[in-house]
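Hello,

Here is the structure I promised to pass on to you. Please have a look at it first, and then read my notes below.

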Amino acid sequence: MVDMLVRLYALPDGAPLRQRAAEQGVTVRLCRPFDMHAAEEWIARTFSTRWVSEFQVAMAHQPCGCVVATQNRKVVGFACYDATARGFIGPMGVDPGLRQGGVGKALLVTALEQMRAIGYAYAVIGGTGPQDFYARTVGATVIEGSDPGFYTDILPEPS
């Protein structure tokens, strides 16, 4: 899977995306320290313990490097940055029942806005899955020669 590059100075406005999510009862905001346990449990159950490790690194920053989506006081999505490597965004995930509704777009753009606010001009989306989603949403472009990139010699998940 290739890496993709995002120009943070050319992001779409995140406010309408967050408003669309809010119309579905979803709030997109920075994760807070007292949200960690609920977010960790949800990430492990919905995705993987590997992503929990990256989430923990993102949360160790001050300010934290993670945006969450919540609905009815439950985590339904997240997007981390500066976790796997400085300048990288990810991991990122949305509850399967809320995909295609714009929550992922709101999370992605909000996290990238946070990266821009702390001084980055570009962000790397490492080991991308849905390349058309990233290209369409934030104009991400493939970084040639980036497969496998940073993600080599990955240890197995604990059994």
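What is the accessible surface of the protein chain, and what share of it belongs to carbon and sulfur atoms? The surface comes to about 8,400 Å², and 53% of that belongs to carbon and sulfur atoms. Please keep in mind that this is a predicted model.

Let me start with the overall build. The protein chain contains five helices and seven strands, and along the sequence they follow the pattern β-α-β-α-α-β-β-β-α-β-α-β. The radius of gyration is 15 Å, close to the 15 Å that the globule rule gives for 159 residues, so the chain is as compact as a globular protein of that length. Along the principal axes, the C-alpha atoms fill a box of roughly 40 × 40 × 30 Å.

Next, the inside and the charges. Of the 159 residues, 48% are buried. Among contacts with a separation of 6 or more, 73% are between residues 24 or more positions apart. The side chains include 14 positive and 15 negative ones, and the centres of these two sets lie 8 Å apart.

Now to the sheet. Seven strands form an open sheet with mixed pairing, in the order β2-β3-β4-β5-β6-β1-β7. Its edge strands are β2 (26-30) and β7 (141-142), each of which pairs on one side only. Further in, β5 (residues 88-94) runs parallel to β6 (residues 122-125), and the two are joined over two bridges. Here I89 stands opposite I125 in β6.

The bond from G90 to P91 is cis, with omega near 5 degrees, and P91 is found in strand β5. The bond from D147 to P148 is cis as well, with omega near 15 degrees; P148 is in the segment after β7.

D82, in the loop between β4 (74-81) and β5, has a phi near 55 degrees. Q100, in the loop between β5 and α4 (103-117), has a phi of about 75 degrees. Is D82 buried or exposed? D82 is buried, with a relative accessible area of 5%. Q100, on the other hand, counts as exposed, at 80% relative accessibility.

Enjoy exploring it!

Best wishes

Technical notes
Residues numbered from 1 in each chain as written. Predicted model: local features only at pLDDT ≥ 70, side-chain atom pairs only at ≥ 80, totals over all residues. Heavy atoms only, no water. Helix = DSSP H or I, 4+ residues; strand = E, 2+ residues; numbered from the N terminus. Rg over C-alpha atoms; globule rule 2.2 N^0.38 Å. Buried < 20%, exposed > 50% of the residue type's maximum accessible area, 1.4 Å probe, protein only. Contact = heavy atoms within 4.5 Å. Areas by Shrake-Rupley, 256 points an atom, 1.4 Å probe, with all protein chains shown as cover. Lys, Arg positive; Asp, Glu negative; His and termini not counted. Charge placed at Lys NZ, Arg CZ, Asp CG, Glu CD. Pairing = 2+ DSSP bridges.
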